[in-house]
Amino acid sequence: MSKGYMGRILWVDLTKRHFHDEKPDAAVYEQFLGGYGLAAKFIFDRQKPGLSAFHEDNILAMMSGLLTNGRAIFNGRWMLAGKSPLTGTWGDANCGGDLAPAIKESGYDGIFFTGKSAKPVYLLIDGDRKELLDASGLWGKQDAVETENTLRARHGDDFRVACIGAGGENLSLIAGVVNAKGRLAARSGLGALMGSKNLKAVCLRGDHRVRVHDEATVWKHTTEFLTGLETDLNDFGKSMKQGGTAATLTDSTQSGDSPIGNWLGVGSTDFPPDKANRINLFSVTQYETRKYHCYGCPFGCGGLCMIPDEPLLKETHRPEYETLCGFGAQLLVDDVKSIFMVNELLNRAGIDTISCATTINWAFEAFDKGILTEKDTGGLALTWGNHEAVVALVKKIVAGEGIGAILCNGVMRSAEHFSDTERAAPMHVHGQELPMHDSRSPNGGLDLGVGYETEPTPGRHTSTFSGWDQYLKTDRPKNKLFDKFRLKSRYEKPEDDDHEKQGERLWGSSCAEDIINGAGLCNFGFYLGPVPPLVEWLNATTGWRKTYQEYLLIGQRIKTVRHAFNIREGIDVANMRMPERARGNPPLTHGPNAYSGNVLQWDDAKRDYYRAMGWDETTAMPLRKTLRDLQLPEVEKALYGE
Ligand code: SF4
């Protein structure tokens, strides 16, 4: 097989303790690439619709990307996919670290788990040996970092591990899966799906090699791109290299990108630069002891830090923007050490920092409004800026104790539990907590909002934001993020009222994201200045001769299958909506996101997007013609019958 993929997937039936290799046709890869594209194909085809969240027949997929282990770079993302216990929709989650290459070195493009083990186990793959081993000594006793240390000490330091912590074991609906000692495939609650199967970890080592169609050509494009990374980094790239996404914190809080105070506040007045700077790039990198790279990434935006006098923080990941905003700016907390602590506690527990922060923001607003009292919180005063209360609350969530047993299931269920979904706003779309990017922002808010409401993984912020299509399809100009694209504000009408053009723009940026995730690439590789040679990498790796437009159609196919999964689950996809607050109702009265008198354009933009996707503009149902054009007969049958 000389096409970049291994040509095999592994099925692990945890009930029967049975392994089965499957060799997908070459056409399947050509239609779905790898990563969550391949997962979408198999989960849609093989999973019964309508299963309850933890039914043992739910499939959990752990995937590498099509370009992983080839000669491209930024190619080490691994993905989880399955029916989300948090939302009941299609769910996926994405992570760097070092698991993706280990999946391929084990001989597979992805591992699909079905069934449920009678007792806690972990999957060991060592070369061609596969076993399910007893994990009872780990379950309930070791967090994710300790588990990885134990398994590598037991089997060898060259094994790669992904595991759940307390979050997944306790079936917290905001749990993810942890790799590389604290990096999470966090979203969609898929750690709980893994926990429901009594699967504590996977531990992989192998020596299978990927063979690519034309290695010299892949490498030629890679070396040109590497040169560009040395000479043409844009400002964003330079600051990312210094401190990862922490670099964006101060600007985001002042520009209106960061929601503040559960989306009620305004950064420039409630969290001005003197506060933001206490948790920004320099405030976190002062504790940095070394940089690190994901597999296959020459850039290395990660950092390990050490906080003196904190035994738990002797070696801890530098918090990224989402965590700094969610537990800092949003809560009006400017104590950076408390954010380090929260980050470490959640990473070890394998709980999504975005979902947890959004849930805690709701709790703080609820406390402010008297919906929650100290009787509910176990004596904690959830007052804005109270960083000690934040840390204490996170500990309760990790342990599933007291109010933590409610909050650990996310913001929608927390608000429902306390019978208040009105006065304090639970900021989620269809159950998934909104991330730290404000849909009311004049810079990109329109596209963000469309993504939050239309993406099959609801509330996702990496779907329709960046206008990938505009810079990939033609002459590869240098990419200066934020001025290369004319980002759309939430009330801006399409240019010349051209709805077709707007739909095409959204279609392109949305479908491009599904190519990126099929390929297993890191989104950040596309922001830094020089543009990754995506099409050249894919063609030279596989031997295909596709144009960018043809790859976009593959992206459209993957997106449509994920979307159809939701329809088949009975979800009213056209009505997945942000909370009114995120739609600017009521509007903010000051700051960059304030407005008056403008007509909000999300609904128009969504219709434009649906039309461009070939979905009904009112119901969002994929049209029969679209399904035929995309060669998706199984989806047509599922949605329309014979
Ligand atoms: S840019 Fe950062 S997150 Fe992306 S692959 Fe490189 S080190 Fe990992």
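Buried residues make up 60% of the 642 residues in the chain; a residue is buried if 20 or more other C-beta atoms, placed from the backbone, lie within 10 Å of its own. This is a predicted model, in which local features need pLDDT of at least 70, side-chain atom pairs count only at pLDDT 80 or more, and totals for chains, interfaces and linings use all residues. Residues are numbered from 1 along each chain as its sequence is written.

**Overall build**

- The chain holds 27 helices and 17 strands. Both are DSSP runs numbered from the N terminus: helices are H or I with at least four residues, strands are E with at least two.
- The radius of gyration is 23 Å, close to the 26 Å from the globule rule for 642 residues, so the chain is as compact as a globular protein of that length. The radius is taken over C-alpha atoms, and the rule is 2.2 Å times the number of residues to the power 0.38.
- The C-alpha trace spans about 65 × 60 × 55 Å along its principal axes.
- Of the contacts between residues at least 6 apart in sequence, 73% join residues at least 24 apart. A contact means that the C-beta atoms, placed from the backbone, lie within 7 Å.

**Domains**

- Three domains divide the chain: domain 1 (9-205), domain 2 (237-433) and domain 3 (445-640). Their bounds come from an automatic or database domain assignment.
- The centres of domain 1 and domain 3, taken over C-alpha atoms, are 27 Å apart.
- Domain 1 gives 36 residues to their contact, and domain 3 gives 31 residues.
- On the domain 1 side, helix H1 (26-32), helix H2 (35-46) and strand S5 (90-95) each give two or more residues. H2 has the largest share, seven residues.

**A six-stranded sheet**

- Six strands form an open, mixed sheet in the order S8-S7-S12-S9-S10-S11. Strands pair if DSSP finds at least two bridges between them.
- Strand S8 (129-134) and strand S11 (183-185) are the edges, each pairing on one side only.
- Neighbouring strands are turned by 20° against each other on average, direction ignored. Axes are lines fitted to C-alpha atoms, for helices over the stretch in contact; angles run from 0 to 180 degrees between N-to-C directions.
- Strand S9 (residues 160-163) pairs with strand S10 (residues 177-179) in the antiparallel sense, over two bridges. Alanine 162 has asparagine 179 in S10 as its bridge partner.
- Helix H4 (residues 144-155) lies across strand S7 (121-126), S9, S10 and strand S12 (199-205). H4 runs at about 145° to S9.

Definitions and conventions: Two residues are in contact if their C-beta atoms, placed from the backbone, lie within 7 Å. A residue is buried if 20 or more other C-beta atoms lie within 10 Å of its own, exposed if 12 or fewer, and partly exposed in between; C-beta atoms are placed from the backbone.
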